[in-house]
Amino acid sequence: MLRVRCGNDNHGRSVVTVRFCSGCGVIVNDRIHTGGCAPEKHARRRRTQSTYCVDCGTRLVQGR
Ligand SMILES: [Zn+2]
Ligand SMILES: [Zn+2]
């Protein structure tokens, strides 16, 4: 499995409660399976400055 460290806490935690890292979008816990996300959920996440959705891995912030 690919190991990427982006500086987000998700990589350093011993127990990761989300599937995707909000900072770089890699899968940090592939045992967590989530369904689809509502657009409102992504909108809320975008406001909390997550680059990626932790549930589906969709990139929330465009550019760069
Ligand atoms: Zn990351
Ligand atoms: Zn999502």
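The protein has one helix and zero strands, and the model described here is a predicted one. With 64 residues, a compact globule would have a radius of gyration near 11 Å, and the protein agrees with that expectation because its own value is 11 Å. Along its principal axes, the C-alpha trace spans about 30 × 25 × 15 Å.

**Burial and the nonpolar core**

- Of the 64 residues of the protein, 20% count as buried.
- The largest nonpolar core is made up of six residues, namely Phe20, Cys21, Val28, Tyr52, Cys53 and Val54.
- Val28, which belongs to this core, touches Phe20 and Cys21 as well as Asn10, His11, Val16 and Val18, when residues up to four places away in sequence are not counted.
- Among the contacts in the protein with a separation of 6 or more, 27% are accounted for by residues 24 or more positions apart.

**The segment before α1**

- Gly12 lies in the segment before α1, the helix that covers 39-47.
- Gly12 is exposed, because it has 9 other C-beta atoms within 10 Å, and a residue with 12 or fewer is placed in that class.
- Between Gly12 and Cys53 there are 18 Å in space, C-alpha to C-alpha, and the two are 41 residues apart in sequence; Cys53 is one of the residues of the largest nonpolar core.
- Thr34 is also found in the segment before α1, and with 13 C-beta neighbours inside 10 Å it counts as partly exposed.
- Once its neighbours within four places in sequence are left aside, Thr34 is in contact with Arg19, Asp55 and Cys56.

**The segment after α1**

- Gln49 has its place in the segment after α1, and although Gln49 is not a glycine, it has a positive phi of about 65°.
- Gln49 is exposed, with 10 other C-beta atoms within 10 Å.
- Val61 lies in the segment after α1 as well, and Val61 is exposed, with 11 other C-beta atoms within 10 Å.
- The contacts of Val61, leaving aside its neighbours within four places in sequence, are with Arg46 and Thr51; of these, Arg46 falls within the helix α1 (39-47).

**Distances from Val61**

- Val61 and His42 are 19 residues apart in sequence, and their C-alpha atoms are 10.0 Å apart in space.
- Thr34 and Val61 are 27 residues apart along the chain, and a distance of 20 Å separates their C-alpha atoms.

Terms used: Residues numbered from 1 in each chain as written. Chains lettered and ligands numbered in written order. Predicted model: local features only at pLDDT ≥ 70, side-chain atom pairs only at ≥ 80, totals over all residues. Core = buried A, V, L, I, M, F, W, Y, C linked by C-beta atoms within 7 Å. Contact = placed C-beta atoms within 7 Å. Helix = DSSP H or I, 4+ residues; strand = E, 2+ residues; numbered from the N terminus. Rg over C-alpha atoms; globule rule 2.2 N^0.38 Å.
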